[in-house]
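Here is a short briefing on one structure. Start by looking at the sequence and the fold.

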Amino acid sequence: MSSMKRIGALAAVHENFLAAPTSPLPDLIRPVVADSWRRSLALGVDPQSEAAPLDMPENELADYRANHPLAAMMPLIRRLLTDDADEAGHIVAVGDALGRLLWVEGHHRLRSRAENMQFVEGSLWSEGAAGTNAPGTALALRRPVQISAGEHFGLGVQSWSCVAAPVHHPLTGDLLGVIDLTGGPDVAGPRTLALVRACAAAVEAGLQLRTTPVAAMPAPRKPAARLRLLGAKAGTIEFDGRSVDLSRRHTELVWLLASAPHGLSAQAIDVALHDEGEHLITVRAEINRLRRVLGPSLLSSRPYRLNLPIQTDIAQVREALAEGRVEQALEQFTGSPLPGSDAPGIRSLTDEFVCEVREAVLASGSAAVLERWVRLSEGSDDAAAWQALVRILPAGSPRLALARARLGRLG
């Protein structure tokens, strides 16, 4: 059946359903859609409605989403989905567990069109509020779904297609929210569904890396291994009286596992290492190779985890920052760890670490610290750091003219 004929057939089935909701639905309607239509009708959703309700005003939304668990994962979601939205022709929406949209980004022209159906930040897209739609149905079922055009319950939404996947807390399993791609008819398909599913898994893996419940922490032990992630010796691990130079991939694996004391599943490692996942066989092969390099006693399975704590030079930098020794921290910080890595989980860990260093530098109020920072590649184009330096340097300092000139070029 051609796409136009299918759209017409879906419209006819939808009309017949509304007229006689207890009548059997044809095979054209997928069971997941049929069940959602029935739920939408039972929840009292008006199929003639042109827009979803606005559930949270703008003045409340900013604080709410800033404190939402998914806020910390937005840089990762943007790298995986939003950065290509203009070229791919879709909108990226991230909502909470109730179906309330917290971030709506992506293709500018499509977002303007989507405003007509209130597909905006602060609107409510649960099934109970808007009927069958990908984010609402994904939350209702707690699994990824795709909804194509006429499969939507509301007539005002049937020119759109969407795919969505829920996000769960990696330790408790609680529903945190939903990630959605919305656009034209090409959006609803197996490729985009796999992409959104992989993004949700990457977010859950990122959350797991950030989550360390105190009650579940093992008793403190003296670090038995040291991993270097900064400078020329990055990739060197020292343990049991020996030093081993790891490959780039094995260094990434050890850093990921060292950042997740409760361990990581093969799927979590997969999405942390690959943009679209789907490399489980490769992950397991790399883990086996890493076990041969380190020895079987250092690495356990189900989930994959390290059997002894690992101290990194990044942790030493963070310790110095926490104690206010920013200049000493910068002496140890020789640049971003593992530069050039294309692994999403590593980029997330790197971005978080570099951001911590930068924030401490800007808050230091020290000309020496700022000058050291702007000499690094991470700080050379940092306009805020150059501005702070211009404010701090004394009027007669020869370095002031240099700072002003550099700031002018950046402006």
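Helix H16 (residues 367-374) is mostly covered, with 6 of its 8 residues buried. Buried means under 20% relative accessible area, exposed means over 50%, and partly exposed lies in between (1.4 Å probe, protein chains only). This is a predicted model: local features need pLDDT of at least 70, side-chain atom pairs count only at pLDDT 80 or more, and totals for chains, interfaces and linings use all residues. Residues are numbered from 1 along each chain as its sequence is written, and side-chain values use heavy atoms, with hydrogens and water left out.

**Around H16**

- The buried residues of H16 are Ala367, Val369, Leu370, Glu371, Trp373 and Val374.
- They pack against helix H14 (326-332), helix H15 (344-364), helix H17 (383-392) and helix H18 (398-410). Contact means heavy atoms within 4.5 Å.
- Helices (H or I, at least four residues) and strands (E, at least two) are DSSP runs, numbered from the N terminus.

**Aromatic pairs**

- A search of the whole structure finds 4 aromatic pairs. Rings of Phe, Tyr and Trp (its six-membered ring) pair if their centres lie within 6.5 Å; planes under 30 degrees apart count as stacked, over 60 as edge-to-face and the rest as tilted.
- Phenylalanine 17 and tryptophan 37 have ring centres 5.4 Å apart and planes at 40°, so this pair is tilted.
- That pair links distant parts of the chain: phenylalanine 17 sits in helix H1 (residues 3-19) and tryptophan 37 in helix H2 (residues 31-42), 20 residues apart.
- Phenylalanine 17 is buried, at a relative accessible area of 2%. Tryptophan 37 is buried too, at 0%.
- Phenylalanine 119 and tryptophan 125 form an edge-to-face pair, 5.2 Å centre to centre with 70° between the planes. Both phenylalanine 119 and tryptophan 125 are buried.
- Phe333, Phe353 and Trp373 are linked into a cluster by ring pairs. Trp373 is also one of the buried residues of H16.

**The sheet**

- An open sheet is formed by 4 strands in the order E8-E7-E6-E11, with mixed pairing. Two strands pair if DSSP finds at least two bridges between them.
- Strand E8 (242-245) and strand E11 (310-312) stand at the edges with a single partner strand each, so one side of each has no neighbour in the sheet.
- From one strand to the next, the twist averages 20°.
- Strand E7 (residues 236-239) runs antiparallel to E8, and 4 bridges join them. Isoleucine 237 has valine 244 in E8 as its bridge partner, and phenylalanine 239 has arginine 242.
- E7 and E8 form a hairpin with 2 residues between them. In the turn, aspartate 240 has a positive phi of about 50°.
- Helix H13 (residues 313-322) lies across strand E6 (225-227) and E11, at about 65° to E11.

**Crossing helices**

- The axes of helix H10 (residues 248-258) and helix H12 (residues 280-294) come within 10 Å and cross at roughly 90°. Axes are lines fitted to C-alpha atoms, for helices over the stretch in contact, and angles run from 0 to 180 degrees between N-to-C directions.
- H10 and H12 are therefore roughly perpendicular to each other. Angles under 35 degrees count as roughly parallel, over 145 as roughly antiparallel, 65 to 115 as roughly perpendicular and the rest as oblique.
- H10 makes the contact through Arg249, His250, Leu253 and Val254, and H12 through Glu286, Ile287, Arg289, Leu290, Val293 and Leu294.
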